[in-house]
Amino acid sequence: MEKRRLSFLEIWNLSFGFLGVQMGFALQNANASRILQIFGADVHELSWFWIVAPLTGLIVQPIIGHYSDKTWTKLGRRRPYFLVGAILASLGLILMPNSDLFTAYMPALWVGAGMLMIMDASFNVAMEPFRALVADVLPSDQRTLGFSVQTVLIGVGAVIGSWLPYVLANWFGVTNEASVGEVPLNLLMSFFIGAAVLIGSILITVVTTKEYSPEEMELIHEAAGETMEEESSSLLNIFSDFAKMPETMKQLAWVQFFSWFGLFGMWVFATPAIASHIYGLDISDTHSKGFQDAGDWVGILFGVYNLVSAIYAFFLPAIAKKVGRKRTHSYSLIVGALGLLSLYVLPDKNWLILSMVGVGVAWASILAMPYAILAGSIPARKMGVYMGIFNFFIVLPQILNALIGGPMVKYLYNDKPIFALVLSGVSFIIAALLVSRVQDVDDEVVVNEIEQK
């Protein structure tokens, strides 16, 4: 028995839920720092509040991956997890900008930080089972297409989520001003809309996608010549799986480390960096109309890089086929690095759109190429747990940046957060150089077949 080749529409529906997941994720990334500053967070503390997000991912994703490999329900193997994750993330989206409603119980800032933790943990519950689902359902030669389509949908969702506050304020007249300590109406409405889209898109994937049963997966593995040895389903197996991770995964770990160190710095410090470096605001200004305008513009910029990502993702399979997945990823990271470094020298806010074009190229590749490379090197029966373990190398650099990012802005950069974005560009360059050390198993098989012919 072999895996059935899917039509483009089936692949599209398979990943459609990621549109809603990424819309919510984009709302979080573009606006969480802004909301926390509105509730009273100091710029030097921002990265510390963000640390709860990668910490929850570090704990949650391998566990979810392990159990999604081992369980089967009427909804299937992966679908129950991202459905539950979507519901919890939607609650976080609704409650985070309304954290001031709970001031009778604790400060709004702490409630907001808690909602950030809930949202990110819930996005983590949804994301890796989604990636594992693509690897489960698609045959090897459709995986690059599958992850690229997923990247397109991620881009579309992220563009909508990133631009929504600006669009509501500037096209529909929804106010972006509010009293001190309160979130503007345009942000509140954006988060409510994001929650609704998240639930709706997830349901489309749940309803339209069929997973292979455990019996069918066993036949597929046997046909592929894989040994299906029995092993206990203990959660402690995660540690033994970690110790036995494939060499390709170890090599990709360093690429992921520096890629996500750079991304986290951009997400956390983009709003204060642009507000101070481009808009000329004092670093302590978190309530003026200028600060809200800067926050809305950051959403536009984040939307631009996600739009570019969605477009570029269409071309990734063809580029990877021409020059290989490794070179594709390396070149894309270099383009992203140039985009981040240019933020320091460009003269005004409109020119920053050019910077985000470069970031979008890198973002598309980060979301697709490492997973396409990884999927060919890990056992299919452990796809979920290894996708979860692979997340270690996404969250660990974010935890490190969360711990040192704020103090670096204060003591090393002299309260100039723009240099945090410059460091992100340097981190992308290091990641690009490390790609050359990665062994791409699938690519080597294809090359050998061509040579034999």
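This is a predicted model: local features need pLDDT of at least 70, side-chain atom pairs count only at pLDDT 80 or more; totals for chains, interfaces and linings use all residues.
**View 1. Trp50 and Phe264 form an edge-to-face aromatic pair.** The count of aromatic pairs in the model comes to 15. In the pair shown here, the ring centres of Trp50 and Phe264 are 5.9 Å apart and the ring planes stand at 90°, so the arrangement is edge-to-face; an angle over 60 degrees is required for that class. Trp50 belongs to helix 3 (residues 46-50), whereas Phe264 belongs to helix 11 (residues 247-277), so the pair ties together parts that lie 214 residues apart in sequence. Trp50 has a relative accessible area of 2% and is therefore buried. Phe264 is likewise buried, with a relative accessibility of 0%.

**View 2. Tyr413 and Phe419 form a tilted aromatic pair.** The two rings lie 5.9 Å from centre to centre, with 40° between the planes of Tyr413 and Phe419. Tyr413 counts as buried because its relative accessibility is 12%, which is under the limit of 20%. Phe419, by contrast, is partly exposed, with a relative accessible area of 28%.

**View 3. Seven residues named here form one aromatic cluster: Phe25, Phe123, Trp260, Trp267, Phe302, Tyr305 and Trp363.** Phe, Tyr and Trp residues are represented in this cluster, including Phe302, Tyr305 and Trp363.

**View 4. The charged end of Lys349 sits over the ring of Trp297.** The distance from this charged end of Lys349 to the centre of the Trp297 ring is 4.6 Å.

Technical notes: Residues are numbered from 1 along each chain as its sequence is written. Side-chain values use heavy atoms; hydrogens and water are left out. Rings of Phe, Tyr and Trp (its six-membered ring) pair if their centres lie within 6.5 Å; planes under 30 degrees apart count as stacked, over 60 as edge-to-face and the rest as tilted. Helices (H or I, at least four residues) and strands (E, at least two) are DSSP runs, numbered from the N terminus. Buried means under 20% relative accessible area, exposed over 50%, partly exposed in between (1.4 Å probe, protein chains only). A charge sits over a ring if NZ of Lys or CZ of Arg is within 6 Å of the ring centre and within 35 degrees of the ring normal.
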